[in-house]
Amino acid sequence: MTGPFDAAGRFGPYGGAYVPETLVAPLEELTRGWAEAQADPSFTDELRHMLTHWAGRPTPLSRAERLGAALGSIEVWLKREDLNHTGAHKLNNALGQALLARRMGKSRIIAETGAGQHGVATATACARLGLECIVYMGSVDAERQALNVYRMRLLGAEVRTVDSGSKTLKDAINEALRDWVAHVDDTHYLLGSVLGPHPYPTLVRDFQAIIGREAREQILSQAGGLPDVLVACVGGGSNAIGLFHAFLGDPCRMVGVEAGGEGVATGRHAARFEGGSPGVLHGTHTYLLQDAWGMVNETHSVSAGLDYPAVGPEHAPLRDSGRIEFSSATDDEALDAFHRCSRLEGILPALESSHALAWLVREAGSLPRGCRVLLNLSGRGDKDVRQIAGREGVDL
Amino acid sequence: MSPTSRIVERFDRLGDRGRKAFVPYLTAGDPDLETTLALARMLEREGADILELGVPFTDPIADGPVNQRAAQRALDRGVTPGDVLQAIAELRRTGFELPIVLFTYSNPLLRLQARGPLEGVDGILVTDLPPEEADDHLSRCRAAGIDTIFLAAPTTPENRIPRLAESSTGFLYVVSSKGVTGARTALPQDLEAQVSRLRPHTSLPLCVGFGIGSRDSAARVCSVADGYVVGSALGAVIEVAVGEGNDPLPAAQQFVRSIDPR
């Protein structure tokens with residue numbers, strides 16, 4: 001038996017395409033479309049041109065001298081995805097997929113969003129390329145991230161709030177998949193992380209791998225050598241795999257940091273590796289938070305971008321083999337790291353990225369003196385200011 | 001495969017009489033399992049041929065709003081896939097003879113199958129499991145003598161149909177139109193063409209579902225296919241009755257009588 005998905009889209013036992021039959025053909029079409037686009041210099045040239053002259057790439061690699069000194073003479077380098085257009089790494093993928101969709105003749109783009117960063121990036125790319133854009137967002141998230149909802153509307157997108165289930169990211173994905181099943185002919189589903197059915201985990205990783213390619217070149221030239229440790233936060237895991245991918249063959253330690261919420265022991269968290277088990281959600285086989293009957297659990301994190309019950313399937317075998325270590329940081333640790341980075345480096349990091357910083361703050365003492373750490377500062381924290389003020393009792 | 005399955009037997013009998021199959025769908029546990037049992041028995045009395053029983057799942061991506069809400073009500077009551085199996089056992093203990101097809105998603109099914117044999121289940125339809133991902137599922141079901149029902153969609157390319165047909169036993173489920181489950185105002189114009197393009201690839205009975213909510217649409221399906229599935233339209237009747245604080249049984253019975261064109 002040969003089929004388009006046999007052996008394709010697998011990361012060891014993980015990944016695959018567990019989808020309704022109606023979506024099998026569109027996913028095949030997308031797989032083919034991506035293969036053709038990659039081989040077409042006019043596509044790759046246009047993407048590169050837009051990333052450079054519109055999105056602002058390459059993003060800098062900044063030495064965080066004061067943070068490094070405060071943590072005990074380690075060498076900390078920040079990959080500044082916060083300086084990417086729209087303020088996060090999300091645009092790398094949104095722009096790439098929007099260009100791909102246009103090339104494939106799709107005029108209507110749908111997307112899901114949690115914190116709103118992927119929704120904003122998608123709305124931005126669609127505005128630039130003249131594509132219709134509909135963003136699904138859980139009503140709880142829409143309320144938490146009202147600013148991003150309005151940003152999307154300013155960019156010409158339609159935001160549809162989702163009231164089913166937990167009313168958060170996972171339900172927004174459910175609704176986007178339902179929309180896609182009904183409108184496959186003219187619609188591209190612009191999925192925002194290395195999740196979902198094949199080819200998305202590979203496709204999104206390919207668009208995000210530019211982070212690591214740039215960072216590897218930059219650190220070799222600016223620091224004169226490879227990093228000892230790479231750190232990134234992991235929601236779906238696109239900024240992490242985007243950074244790590246170029247270094248998989250190098251002797252670097254890699255750490256992915258999940259959202260520990262109120263502490264893994266409390267059950268209110270989004271630490272899929274620590275608290276979850278393998279299963280199938282949203283078309284892919286991976287680690288997820290679920291009960292004994294396979295019902296998907298609700299998650300908790302101060303950071304909406306990490307508040308999702310499954311992790312990208314490519315991370316799963318890398319975790320099983322030990323190539324990537326996974327850890328978690330709690331809400332409180334992330335907030336503490338947010339303040340340190342703000343005051344010591346003059347960068348307000350996104351609460352998502354603050355989880356990676358929190359790991360570094362906690363573990364710095366166990367790192368050897370002079371240890372060179374490369375951390376993906378995946379987004380900027382302006383979007384989180386109101387929420388942080390609220391938590392600290394400040395009414396803006 | 002072991003002795004002729006209940007599903008095959010049922011279609012053989014229908015074929016002898018030149019009759020079409022009526023395949024109603026119930027979300028198990030909506031509003032509670034007792035009511036599901038009563039509804040199932042009513043459907044058997046009213047001439048249903050196969051019962052599709054939906055396993056409530058937290059993330060039903062292939063389902064429209066009616067079935068989503070039904071699943072949520074069942075989950076809110078704490079109904080688990082294990083409870084659904086127990087309800088099936090109870091039906092069998094009390095003489096329920098219709099073939100039962102579990103309508104489920106991959107994730108709860110993985111958990112169910114890991115716990116032991118699926119007693120009383122005659123077929124399984126997994127909404128998010130194309131044959132390419134179904135090797136384990138197929139070997140488990142073959143060994144247990146459970147039919148595996150796959151879905152053919154309007155978007156299914158010609159060259160995939162043989163694989164869907166080879167992987168299916170019992171019957172092949174024809175998805176009438178693009179989209180999630182739920183009644184439509186009209187079935188697609190090319191319904192007949194969709195069914196007839198499948199015929200050369202399989203001798204299995206073809207049952208059409210997704211969007212059949214009226215006697216007219218059921219009659220149109222019966223003129224071309226071997227059976228029709230009614231899910232959300234029945235679910236909506238149950239939802240309304242329950243919402244009004246009534247026993248859904250009489251309303252559901254009346255609805256079934258009104259929609260069955262045979």
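I took contact to mean heavy atoms within 4.5 Å. On that basis I looked up the interface of the two chains first, and found that 41 residues of chain B and 43 residues of chain A take part in the contact.

I noted that this is a predicted model, in which local features need pLDDT of at least 70 and side-chain atom pairs count only at pLDDT 80 or more, while totals for chains, interfaces and linings use all residues. Residues are numbered from 1 along each chain as its sequence is written, chains are lettered from A and ligands numbered from 1 in the order in which they are written, and side-chain values use heavy atoms, with hydrogens and water left out.

**Interface**

I then looked up the buried area (the accessible area, with a 1.4 Å probe, that two parts lose on being put together, summed over both). Between chain B and chain A about 3,300 Å² is buried, and carbon and sulfur atoms give 56% of that area. On the side of chain B, the residues B:I61, B:R111 and B:E133 supply 21% of the area that this chain buries against chain A, more than any other three residues.

For salt bridges I used a side-chain nitrogen of Lys or Arg within 4 Å of a carboxyl oxygen of Asp or Glu. The structure holds 48 of them over all chains, and four salt bridges are counted between chain B and chain A. I looked up the pair A:E21 and B:R160, whose side chains meet in a salt bridge at 2.6 Å, N to O. A:E21 lies in helix α1 (residues 21-38) of chain A and B:R160 in the loop between β6 (151-152) and α7 (161-167) of chain B, so this pair joins two chains. I also noted a salt bridge between the side chains of A:D185 and B:K178, again given as 2.6 Å, N to O.

**Helix pairs**

For the helices I kept to DSSP runs numbered from the N terminus (helices H or I, at least four residues; strands E, at least two). Axes are lines fitted to C-alpha atoms, for helices over the stretch in contact, and angles run from 0 to 180 degrees between N-to-C directions. Angles under 35 degrees count as roughly parallel, over 145 as roughly antiparallel, 65 to 115 as roughly perpendicular and the rest as oblique. A crossing is right-handed if the near helix is turned clockwise from the far one by less than a right angle, and left-handed if anticlockwise. For residue classes, Ala, Val, Leu, Ile, Met, Phe, Trp, Tyr, Cys and Pro count as nonpolar, Asp, Glu, Lys and Arg as charged, and the others, Gly among them, as polar.

The crossing of α4(A) past α5(A) is right-handed. The residues in this contact include A:L91, A:L95 and A:R102 in α4(A) and A:H118, A:A121 and A:L129 in α5(A). The residues of this contact divide into eight nonpolar, five polar and two charged.

In chain B, helix α10 (residues 232-243) and helix α11 (residues 248-259) pack at about 150°, with axes 8 Å apart, which makes α10(B) roughly antiparallel to α11(B). Their crossing is right-handed. The contact is made by residues including B:L234 and B:V237 of α10(B) and B:F255 and B:V256 of α11(B), and by class it has 11 nonpolar, no polar and no charged residues.

**Backbone**

I kept in mind that most residues other than glycine have a negative phi, and most peptide bonds are trans. The peptide bond from A:R57 to A:P58 is cis, with omega near -5°, and A:P58 is found in the loop between α2 (41-55) and β3 (61-63) of chain A. The bond from A:H198 to A:P199 is cis too, with omega near 15°, and I placed A:P199 in the loop between β8 (187-189) and α9 (200-208) of chain A. A:S73, not a glycine, has a positive phi of about 60°.
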